[in-house]
Amino acid sequence: PQSNWGQSLAYDIGNDSNPYWRARGGPTTFEDLCLAMEKLIQQGKIRGWGLCNDNAYGLTACTRTAKGLGVTPPCSIQGDFSIIDRKSEENGVAEAASPFNENVGFMSYNALAGGMLTGKYMNVPSAMDDLANRDRAMHSLQNPRGRMDTRGWGSTLYRYRTEAAQQAITEYKKIADKYKMPLTELCLRWCRQRSLVTTTLVGHTSMEQLDQSIKYFTQKEPLSEDIMWEIDMVHMKNRLPIFSSDRVGRDWYGQGEIGET
């Protein structure tokens with residue numbers, strides 16, 4: 001299972017409607033978290049545990065606390081990571097998770113940015129963004145190409161559709177076209193080559209998509225240094241485009257559109 005420190009283990013779903021639900025019942029200590037996970041291991045209910053969306057401090061504190069208590073430390077950390085979201089390489093998580101330090105495997109998720117890095121939303125925007133064409137937007141909602149065409153995920157995953165993110169995606173598409181490969185292939189093979197990444201979580205809505213992912217991940221030849229350099233040049237224009245937005249406003253109670261509302 002995944003656990004996040006600071007989140008009460010006695011979670012009450014009714015508290016979720018309260019913006020400050022974490023304060024109700026008090027936060028969980030690293031000690032409580034590690035001991036609770038060890039209890040599940042000793043009961044034979046799990047064989048290991050990991051963290052989700054944590055930072056370098058939380059990761060290191062969990063592993064050091066577990067080792068100090070003589071219990072099983074986390075073996076993995078799951079984090080949002082893609083060619084347009086490299087923050088885990090730059091905020092200390094990569095160093096903390098390294099085999100030379102805490103030795104915790106990094107599992108990247110949303111490696112295709114909710115489908116944006118497949119290119120399928122480039123010509124026709126997601127239903128949530130297709131404001132100029134209501135009929136087409138309704139058609140997309142009724143016949144979704146993926147999560148971006150749904151009301152729930154489409155609103156939640158706006159961070160992958162910021163103007164800056166879409167500019168970066170356009171640039172990466174040009175690189176993919178230049179080297180005669182699909183954008184999906186470029187992004188998945190790039191992710192596979194990062195030293196931070198132990199494994200990548202991928203989601204599919206068809207067997208064809210699964211076959212494509214397997215094909216890209218099993219290619220032994222890495223992307224060339226030239227390709228990696230061109231990708232880095234795009235990255236340096238905006239190091240975190242998913243949290244750059246020109247649609248800013250009040251960012252409380254979901255009224256803003258900076259990152260994840």
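**Largest pocket.** I looked up which helix gives the most to the lining of the largest pocket, and H9 does, with three residues. For me a pocket is an open set of points on a 1 Å grid over the protein atoms alone, where a 1.4 Å probe fits, with protein on both sides within 12 Å along at least five of seven lines, and lining residues have an atom within 4 Å of a point. H9 spans 207-217, and H8 also supplies at least two lining residues. Helices are DSSP runs (H or I, at least four residues) and strands are too (E, at least two), numbered from the N terminus. In total 23 residues line this pocket, and Leu112, Gly114, Gly115, Gly203 and His204 lie nearest its centre.

**Ground rules.** I'm working on a predicted model, where local features need pLDDT of at least 70, side-chain atom pairs count only at pLDDT 80 or more, and totals for chains, interfaces and linings use all residues. Residues are numbered from 1 along each chain as its sequence is written, and side-chain values use heavy atoms, with hydrogens and water left out.

**Asparagine 110.** I found asparagine 110 in the loop between strand S4 (105-109) and helix H5 (134-142). Is it buried or exposed? Asparagine 110 counts as buried because its relative accessibility is 11%, and buried means under 20% relative accessible area (1.4 Å probe, protein chains only). Its side chain makes a polar contact with the side chain of tyrosine 160 at 2.9 Å. That term means a pair of N or O atoms within 3.5 Å; within protein, one must be able to donate a hydrogen and the other to accept it, and residues adjacent in sequence count only if both atoms are side-chain atoms.

Note on methods:
Buried means under 20% relative accessible area, exposed over 50%, partly exposed in between (1.4 Å probe, protein chains only).
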